[in-house]
Each structure stands twice: as C-alpha cells, then as structure tokens.
Amino acid sequence: MASQVPGLSALIKPGLIPGFKVSKDQLTTIIPVAAAAALSTYLLTRYFSSQSSPKCRVNMTINKDSPKVVHSFDMEDIGNKAVYCRCWRSKKFPYCDGAHTKHNEETADNVGPLIIKKKNP
Ligand code: FES
C-alpha cells in the first residue's frame with residue numbers, strides 16, 4: 001500500500017535514525033495524522049487569537065456601556081458652524097477639542113474633525 005504513494009519511498013531510508021524503524025504502512029498512517037494535527041493546531045490558534053484580541057478599536061472611552069454611540073442634531077440648532085470629532089479622543093465628544101492633534105503625533109495617523117458651516121451666516 002505504501003509503495004503506491006508517490007514519493008513515499010524516498011522518505012523511508014533504512015538507518016536514517018539509528019534504532020528508529022517505521023514501516024511503510026505506519027508512515028501512511030502517521031503522515032495524515034500529523035498533517036491533520038498540524039492543521040488543527042493552526043486553525044485553533046488563529047481562532048483563539050482572534051477571539052482574545054478584538055481588531056483595532058476606534059472608540060476607547062466614550063459610552064462604552066452602549067452597544068452603539070449615536071448623536072443626532074437638528075440643522076436649525078447647529079448655528080453658523082459646528083466642529084465634530086472623528087478621532088474618538090475628544091473629551092467634549094461628539095465635538096472636537098483638538099485631541100486629534102496629539103493622537104496623530106503619537107500614531108502617525110491623519111484624522112481630523114468634520115466641520116459643518118453655513119455658506120452665508
Ligand atoms: S478631537 Fe477628535 S477630531 Fe478633533
């Protein structure tokens with residue numbers, strides 16, 4: 001049976017490891033089991049590493065007890081100009097307080113605020 005597996009005879013070299021003998025039939029069992037174990041280990045490691053460290057979060061501090069942070073404003077209430085935070089680091093969130101500057105310096109990011117203003121105030 002082992003002689004039917006292409007290339008298997010090249011793996012079996014008598015005297016390669018002194019005192020260690022594996023028959024061709026044993027190799028046809030060992031190789032698939034070892035490959036399945038290696039694949040299983042790889043897949044489990046990937047699964048558990050993705051579970052333990054969530055992908056890069058944007059929101060580190062704001063309303064963490066809420067499943068979704070949403071703010072809504074009426075256009076009439078905005079006034080002539082409003083500056084909204086998009087970096088999620090502002091202490092006055094949802095308004096920008098300039099914290100994006102420090103964030104950009106520390107991370108080499110390039111985020112900035114959303115500015116909404118009337119054309120002719
Ligand atoms: S503080 Fe977040 S965009 Fe300015």
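Two residues are in contact here when they have heavy atoms within 4.5 Å of each other. With that in mind, let's walk through the structure above. It is a predicted model, in which local features need pLDDT of at least 70 and side-chain atom pairs count only at pLDDT 80 or more, while totals for chains, interfaces and linings use all residues. Residues are numbered from 1 along each chain as its sequence is written, and side-chain values use heavy atoms, leaving out hydrogens and water.

**Overall layout**

Helices (H or I, at least four residues) and strands (E, at least two) are DSSP runs, numbered from the N terminus. The protein has 4 helices and 2 strands, and the order from the N terminus is α-α-α-β-α-β. For burial, a residue is called buried under 20% relative accessible area, exposed over 50% and partly exposed in between (1.4 Å probe, protein chains only). Of the 121 residues, 14% count as buried. Accessible areas come from the Shrake-Rupley method with a 1.4 Å probe, and for residues only the protein chains shown count as cover. The accessible surface of the protein comes to about 10200 Å², and carbon and sulfur atoms hold 58% of that surface. Among contacts between residues at least 6 apart in sequence, 39% join residues at least 24 apart.

**Aromatic pairs**

Rings of Phe, Tyr and Trp (its six-membered ring) pair if their centres lie within 6.5 Å; planes under 30 degrees apart count as stacked, over 60 as edge-to-face and the rest as tilted. By this rule there are 4 aromatic pairs. One of them joins tyrosine 84 and tyrosine 95, which count as stacked because their ring centres are 5.6 Å apart and their planes stand at 25 degrees. Tyrosine 84 belongs to strand S1 (residues 81-84) and tyrosine 95 to the loop between S1 and H4, so this pair ties together parts that are 11 residues apart in sequence. Tryptophan 88 and phenylalanine 93 are also stacked, with ring centres 4.6 Å apart and planes at 25 degrees. Phe73, Tyr84 and Tyr95 form one aromatic cluster.

| Residue | Relative accessible area | Class |
|---|---|---|
| Tyrosine 84 | 9% | buried |
| Tyrosine 95 | 37% | partly exposed |
| Tryptophan 88 | 21% | partly exposed |
| Phenylalanine 93 | 18% | buried |

**The loop between S1 and H4**

Phenylalanine 93 has another feature to look at: a cis peptide bond joins it to proline 94, with omega about 15 degrees. Proline 94 sits in the loop between S1 and H4. Lysine 91 is found in that loop too, and it is exposed, with a relative accessible area of 79%. Lysine 91 and isoleucine 62 are 29 residues apart in sequence, with their C-alpha atoms 8.8 Å apart in space.

**Helix H4 and what follows**

Histidine 103 lies in helix H4 (residues 99-107). Which residues does histidine 103 contact, leaving aside its neighbours within four places in sequence? They are Arg89, Ala108, Asp109 and Val111. Histidine 103 is buried, because its relative accessible area is 11%.

A salt bridge is a side-chain nitrogen of Lys or Arg within 4 Å of a carboxyl oxygen of Asp or Glu. The whole structure holds 1 salt bridge. Lysine 102 forms a salt bridge with glutamate 106, and their closest N and O atoms are 3.7 Å apart. Both residues lie in helix H4, 4 residues apart, which is about one turn of the helix. Lysine 102 is exposed at 53% relative accessibility, and glutamate 106 is exposed at 58%.

Alanine 108, one of the contacts of histidine 103, is in the loop between H4 and strand S2 (114-117). Its phi is near 60 degrees, a positive value in a residue other than glycine. Alanine 108 is exposed, with a relative accessible area of 71%.

**Elsewhere in the chain**

Asparagine 63 has a positive phi as well, of about 45 degrees, although it is not a glycine. Asparagine 63 lies in the loop between H2 and helix H3 (75-78) and is partly exposed at 41%.

What about the cysteines? A disulfide is a pair of cysteine sulfur atoms within 2.5 Å, and a search of the whole structure finds 0 disulfides. Cysteine 56 is exposed at 79% relative accessibility, while cysteine 96 is partly exposed at 22%.
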